Amino acid sequence: MTDDDFRESFNFFINDVPPEQLAREKAKARELRQSQWWKRKRSSGECAYCHESYPPRELTMDHIVPLVRGGKTVKSNVVPCCKDCNSKKKHMLPIEWEEYMSRLDEASDS
Ligand SMILES: [Zn+2]
């Protein structure tokens with residue numbers, strides 16, 4: 001494996017997002033968190049991932065496609081999520097998170 005190959009396979013997991021873009025999207029997220037839209041969305045008290053109920057103020061805003069991977073702060077990319085799911089998701093690779101989600105789905109089907 002050459003150095004280039006190595007970098008290539010690494011890039012599959014980590015996109016280069018310019019710091020300006022990251023800062024812009026983070027600022028948008030701060031604004032969106034103050035919006036009526038978000039407050040309404042969060043007021044259901046349901047985590048978008050595990051579907052458990054929580055007091056709304058305990059739900060955090062999660063970017064489905066993380067900002068560091070090129071995700072944007074748009075309504076279709078943010079969901080309310082509990083602290084548990086948030087910290088689990090942060091430490092998983094996307095593929096691991098998908099597996100985790102499909103396990104949750106199977107569990108709720110049965
Ligand atoms: Zn959850």
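Helices (H or I, at least four residues) and strands (E, at least two) are taken here as DSSP runs, numbered from the N terminus. This is a predicted model, in which local features need pLDDT of at least 70 and side-chain atom pairs count only at pLDDT 80 or more, whereas totals for chains, interfaces and linings use all residues. Residues are numbered from 1 along each chain as its sequence is written.

**Overall architecture**
- The protein holds 5 helices and 2 strands, and from the N terminus on these elements follow one another as α-α-α-β-β-α-α.
- Of its 110 residues, 9% count as buried, a residue being buried if 20 or more other C-beta atoms lie within 10 Å of its own, exposed if 12 or fewer, and partly exposed in between, with C-beta atoms placed from the backbone.
- Among contacts (C-beta atoms, placed from the backbone, within 7 Å) between residues at least 6 apart in sequence, 55% join residues at least 24 apart.

**Nonpolar core**
- A nonpolar core is a set of buried Ala, Val, Leu, Ile, Met, Phe, Trp, Tyr and Cys residues joined through C-beta atoms within 7 Å, and the largest one consists of 6 residues, namely Cys47, Tyr49, Leu59, Cys81, Cys82 and Cys85.
- In soluble globular proteins, nonpolar side chains tend to be buried together.
- Leaving aside residues up to four places away in sequence, Cys81 touches Cys47, Ala48, Tyr49, Leu59, Thr60, Asp62 and Asn86.

**Ala29 in helix α2**
- Ala29 belongs to helix α2, which covers residues 19-33, and Ala29 counts as partly exposed because it has 17 C-beta neighbours inside 10 Å.
- Although Ala29 and Thr73 lie 44 residues apart along the chain, their C-alpha atoms are separated by 5.8 Å.
- Not counting residues up to four places away in sequence, Ala29 touches Met61 and Thr73.

**The loop between α3 and β1**
- Gly45 sits in the loop between α3 (36-43) and β1 (60-63), and with 15 C-beta neighbours inside 10 Å Gly45 counts as partly exposed.
- Gly45 and Pro55, 10 residues apart in sequence, are 5.6 Å apart in space from C-alpha to C-alpha.
- When residues up to four places away in sequence are not counted, Gly45 touches Ser53, Tyr54, Pro55, Pro56 and Leu59.
- His51 also has its place in the loop between α3 and β1, and His51 is exposed because 12 other C-beta atoms lie within 10 Å.
- The phi of His51 is near 60 degrees, a positive value in a residue other than glycine.
- Most residues other than glycine have a negative phi.

Key: Contact = placed C-beta atoms within 7 Å.
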